[in-house]
Amino acid sequence: MSKTLFDKVWDSHVVRKIEDGPDVFFIDRHFIHEVTSPVAFLGLKARGVTVLYPERTFATADHNTPTINQHLPVEDALSANQLKALEDNAAEYGISHWGLGHIKNGIVHVVGPENGITLPGATIVCGDSHTSTHGAFGAIAFGIGTSEVEMVLSTQCIMQPKPKKMRINVNGELSKGVGPKDVALYIIAQLTTSGGTGYFVEYAGDVFENMTMEGRMTVCNLSIEMGARGGMIAPDQKTFDFLEGRLFAPKGEAWDKAVAYWKTLKTDDDAVFDAELNINAADIEPMITYGTNPGMGIGITKHIPNANQVEGGEETYKKSLAYMGFEEDDVMIGKPIDFVFLGSCTNGRIEDFRAFTEIVKGRKKADNVTAWLVPGSHVVEAQIKEEGLLDILTEAGFVLRQPGCSACLAMNDDKVPAGKYAVSTSNRNFEGRQGPGSRTLLASPIMAAAAAVTGKLTDPRELF
């Protein structure tokens with residue numbers, strides 16, 4: 001029987017099927033961080049059970065870590081307690097722990113691929129919704145809740161109903177200035193934030209085949225924002241080249257054997273999906289969001305739609321625009337902004353910093369803009385310096401911060417003040433996501449760079 005890529009990986013990890021119920025599903029890799037793991041470990045202690053496979057669990061501190069002066073004690077008491085709990089629990093149960101100051105520390109969905117922990121055909125979970133990032137490698141990866149974190153720690157399994165399957169095909173050639181983030185935001189705008197509910201998505205077509213691994217990670221990262229359980233892309237030579245030689249990747253004969261298996265991880269020609277969407281790459285332009293969910297996005301040259309042009313209630317739509325201080329039919333180009341955030345598990349990789357730097361090179365940061373440039377890991381931070389990008393950024397008036405989730409979710413001191421506009425390369429623009437009362441405009445690194453040097457929303461294609 002013909003199978004999709006998703007079927008092949010899912011079916012090979014089912015330990016037991018429960019009649020009229022979920023599958024008992026084996027997990028290969030479990031990532032944990034300081035926010036969603038402490039309560040799970042308390043549950044283990046209360047039940048008197050241990051971690052079944054500590055070598056399959058990887059801990060890093062990222063969500064509420066400071067992005068300046070990481071060598072000093074963390075001032076926020078709650079954050080300090082969570083970080084200490086992660087360190088203590090990892091030590092007690094023999095789990096690899098990359099805390100603040102560790103050379104491998106960084107955002108969980110950045111350090112996993114960097115170190116070859118993320119592998120094709122693997123099943124990966126984390127107490128974080130953007131775990132779908134790892135699907136870029138042909139893995140099944142999704143976020144779980146705290147009680148499920150405890151379940152995986154103690155059994156290395158999870159009880160999960162098998163999602164339906166959707167394939168999104170994007171073919172053709174992307175226009176200049178259009179990148180992976182724009183592709184993802186365009187798809188979400190087409191499907192809405194609920195269009196992928198109940199599905200696991202496979203991304204296919206020319207555009208994804210030509211995309212770098214970092215670009216694929218950006219797209220898969222945003223799968224959750226259209227309601228999907230996760231997203232994945234079939235592994236290919238780019239995937240193998242990215243992983244070869246990394247710390248936790250197979251070596252020698254084991255590598256050859258692994259690659260031979262990974263080459264089988266693709267959808268059979270006659271496999272059937274429950275839903276399919278076809279998109280012409282030429283229809284996508286640099287994207288910007290204007291509302292309070294990632295589905296409220298348009299091309300930078302477009303006008304904000306009227307309520308009768310969008311799905312959902314008119315009252316809710318107008319409430320969202322009122323929060324943002326926008327009106328129907330507004331033009332986005334030229335709107336002033338206050339903050340720019342480059343970073344997060346969506347766009348905190350070296351490729352993102354290269355793209356940002358390409359735009360700001362030879363220009364200066366606008367005086368009205370506060371910019372937070374936050375690498376996704378210490379590895380990325382080192383690359384920024386080694387490649388000379390830091391010199392260009394410094395010359396342009398920017399300051400590089402230290403790794404962490406930062407202003408993506410404002411769990412540390414990187415909070416956008418109420419009423420201020422932030423062009424953000426992160427993944428969510430909910431009310432107050434980047435700070436109480438803050439207004440978030442999701443965009444690509446080059447869109448963020450264009451705003452940073454002009455002080456307003458600008459079509460980045462005008463700056464090439």
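**Strands, rings and pockets in a predicted model**

Strand β15 runs parallel to strand β16 (residues 370–373), and four bridges join the two. The model is a predicted one, so to speak of local features takes a pLDDT of at least 70 and side-chain atom pairs count only at pLDDT 80 or more, while totals for chains, interfaces and linings use all residues. Residues are numbered from 1 along each chain as its sequence is written, and side-chain values use heavy atoms, with hydrogens and water left out.

Back to β15. In β16, Ala371 stands opposite Val340. Strand β17 also runs parallel to β15, joined by three bridges, and there Ser424 stands opposite Phe341. In a regular strand, side chains alternate between the two faces of the sheet. Strand β15 (residues 339–342) is covered on both faces, with Phe339 and Phe341 buried on one side and Val340 and Leu342 buried on the other. Buried means under 20% relative accessible area, exposed means over 50%, and partly exposed is in between (1.4 Å probe, protein chains only).

On to the rings. The whole structure holds 16 aromatic pairs, where rings of Phe, Tyr and Trp (its six-membered ring) pair if their centres lie within 6.5 Å, and planes under 30 degrees apart count as stacked, over 60 as edge-to-face and the rest as tilted. Phe26 and Tyr53 make an edge-to-face pair, because their planes stand at 75°, with the ring centres 6.5 Å apart. Phe26 sits in strand β2 (residues 23–26) and Tyr53 in the loop between α2 (38–47) and β4 (57–60), so this pair ties together parts 27 residues apart in sequence. Tyr53 is partly exposed, at 32% relative accessibility, and Arg56 lies over its face, 5.5 Å from the ring centre. A charge sits over a ring if NZ of Lys or CZ of Arg is within 6 Å of the ring centre and within 35 degrees of the ring normal. Arg246 does likewise with Phe242, its charged end 4.0 Å from the centre of the ring.

Phe356 and Phe398 are also edge-to-face, at 5.5 Å centre to centre and 80° between the planes. Phe356 belongs to helix α13 (residues 350–360) and Phe398 to the loop between α15 (389–395) and β17 (421–424), 42 residues apart. Phe356 is buried at 0% relative accessibility, and Phe398 is buried at 4%. Other buried residues of α13 include Ile350, Asp352 and Phe353.

Helix α13 turns up again at a pocket. A pocket is an open set of points on a 1 Å grid over the protein atoms alone, where a 1.4 Å probe fits, with protein on both sides within 12 Å along at least five of seven lines; lining residues have an atom within 4 Å of a point. The second largest pocket is lined by 26 residues, and Val178, Gly179, Pro180, Glu351 and Ala355 lie nearest its centre. To this lining α13 gives the most, with four residues. The largest pocket is lined by 28 residues, with Ala189, Tyr290, Gly295, Met296 and Val310 nearest its centre. Among the elements that each supply at least two residues of that lining is α6 (180–191).

Terms used
Two strands pair if DSSP finds at least two bridges between them.
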